[in-house]
Amino acid sequence: MKAEKIKDNIYWVGGIDWGLRNFHGYITQRGSTYNAYLIMDEKITLIDTAKYYLVDEMLERISSIVDPAKIDVIVSNHVEMDHSGGLPRLMEICPNATLITSPNGEKGLKAHYKKDWDFHVVKSGDSFSLGKRSLNFLLTPMVHWPDNMLSYMPEEKILFSNDSFGQHLACSERFDDQYPLDIIMVEAKKYYANIVLPYSAQVQKELAEASKLDIQIVCPSHGIIWRSHIPEIVECYKQWSSNQTVKKALIIYDTMWNSTKSMAYAVMDAFSEKGYATRLMDLNETHISDIMTEVIDSEYICVGSPTLNNHLLPTVAEFLTYLKGLSPKKRKAVAFGSFGWGGQSVSQVESYLSESGFDVEATFKHQYVPDKKYLKQLTEELKTKIS
Ligand code: FEO
């Protein structure tokens, strides 16, 4: 395994996680990469590392250019262990390396690894000379941990953006003009929806600061490197971080004996007849992380659950908990479901949606099996409430 050239004397030396299918609950159908970057300058520098089980792969790639023991500087843009997991091994190999990180980065790395490495703590606006080139630092706290920062190399116009602009995508191609752009964009959208979305206000500040930089290459810490489609991904980040939606309704449900399912179809009919794009999603068949990819630009989120033992179904509760944590804003909602007796599930769904900050515009609950007449009534009533 060899290093891959980004520009003269700048290399990708990361690890490819071909088999990764679950990243703390986020389904990664296409695997991932942990991108580390080697800069051969007067000070040999490594930006970020890889997950612990891909450190050997990273070291092999570094060794194709230089003995890893000769690394002088390591930049840790982010403490999370998919990027810092290689630090303990590396710091054993090059114990005198300077470790550049943010104030919260130092705190986080010490808390994770219990080591007193040679930390060089930077703040926004600080610069560090590598020789012919330099790195400027911009702290971006809570995109998406308190420690995150960006490193910018003005001489080469490269932004090392860490998690921002990343995608969970394992492939041999490294650049955005070498791989199908539609797949890169879907994975970038899924990444934003499942990782970055709660921190959209901070993303907007980051975008404003980054817009002052002259950038030709964006090197994220996951997936493809951006060099030909930077305006497109920046525009997507602007839209996603400002909670812009399109005329689309998601109908998400679980069902016991198909009664809530038939209500889901009636809800979908109302939106279709009002000219909305619709997505019907059975929680037994669609993973919640894939649903989030659709949530990110949907105007309506409609959720249905029957009542089981006085509660909504666990599958629906799981989704609503995940949704609330990821905190999309400015959405409208509908709650619905069937019941035999009790019938608490619909008000519980409604509470979750209200607590998520959504405007719940309609609720529908029906005892036992809805007939065609009721389902038609539901569709017609909902049509009058869709704004
Ligand atoms: Fe890819 Fe927040 O780590």
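User: A polar contact is a pair of N or O atoms within 3.5 Å; within protein, one must be able to donate a hydrogen and the other to accept it, and residues adjacent in sequence count only if both atoms are side-chain atoms. How many residue pairs in polar contact are counted between domain 1 and domain 2?

Analyst: The model is predicted. The domain assignment of the protein chain places domain 1 at 4–241 and domain 2 at 246–385. With both residues at pLDDT 80 or more, the residue pairs in polar contact between domain 1 and domain 2 number six.

User: Which element gives the largest share of the side of domain 1 that touches domain 2?

Analyst: Two elements give two or more residues to that side of domain 1, namely strand E5 (26–27) and helix H5 (181–196). Six residues come from one of them, and this largest share belongs to H5.

User: How do the residues of the side of domain 1 that touches domain 2 divide into nonpolar, polar and charged?

Analyst: The contact takes 13 residues from domain 1 and 11 residues from domain 2. On the domain 1 side, the residues divide into eight nonpolar, three polar and two charged.

User: What area do domain 1 and domain 2 bury between them?

Analyst: The centres of the two domains, taken over C-alpha atoms, are 38 Å apart. The size of an interface is often given as the accessible area lost when the parts come together. Carbon and sulfur atoms carry 60% of the area buried between domain 1 and domain 2, and the total is about 1100 Å².

User: How many residues apart in sequence are the parts that the pair Glu156 and Lys7 ties together?

Analyst: Glu156 and Lys7 meet through their side chains in a salt bridge of 3.1 Å, N to O. Glu156 counts as buried at 16% relative accessibility, whereas Lys7 is partly exposed at 24%. Glu156 lies in the loop between E14 and strand E15 (158–162) and Lys7 in strand E1 (residues 4–7), so the separation in sequence of the parts tied together is 149 residues.

User: Are Arg133 and Asp41 buried or exposed?

Analyst: Their side chains form a salt bridge of 3.0 Å, N to O. Arg133 sits in the loop between strand E12 (127–129) and E13, and Asp41 in the loop between strand E7 (37–39) and strand E8 (45–47), so the pair links parts 92 residues apart in sequence. The cut-off for burial is under 20% relative accessible area. Both Arg133 and Asp41 are buried.

User: In which helix do Glu380 and Lys376 both lie?

Analyst: Glu380 and Lys376 form a salt bridge, with the closest N and O atoms 3.0 Å apart. Glu380 is partly exposed at 31% relative accessibility, and Lys376 is partly exposed at 48%. The two residues are four residues apart, about one turn of the helix, and both lie in helix H12.

User: Where is His24 found?

Analyst: Most residues other than glycine have a negative phi, and most peptide bonds are trans. His24 is not a glycine, yet its phi is positive, about 30°. His24 is exposed, with a relative accessible area of 57%. His24 is found in the loop between strand E4 (22–23) and E5.

User: Where does His144 lie?

Analyst: The peptide bond that joins Val143 and His144 is cis, with omega about 10°. His144 lies in the loop between strand E13 (134–139) and strand E14 (149–153).

User: Leaving aside its neighbours within four places in sequence, which residues is Gly15 in contact with?

Analyst: Gly15 has its place in strand E3 (residues 15–17). Gly15 is buried, with a relative accessible area of 0%. Beyond neighbours within four places in sequence, the residues in contact with Gly15 are Thr33, Tyr34, Ala50, Leu54 and Glu57.

Note on methods
Residues numbered from 1 in each chain as written. Predicted model: local features only at pLDDT ≥ 70, side-chain atom pairs only at ≥ 80, totals over all residues. Heavy atoms only, no water. Domains from an automatic or database assignment. Contact = heavy atoms within 4.5 Å. Buried area = accessible area lost by both parts, 1.4 Å probe. Nonpolar A, V, L, I, M, F, W, Y, C, P; charged D, E, K, R; others polar. Buried < 20%, exposed > 50% of the residue type's maximum accessible area, 1.4 Å probe, protein only. Salt bridge = Lys/Arg side-chain N within 4 Å of Asp/Glu carboxyl O.
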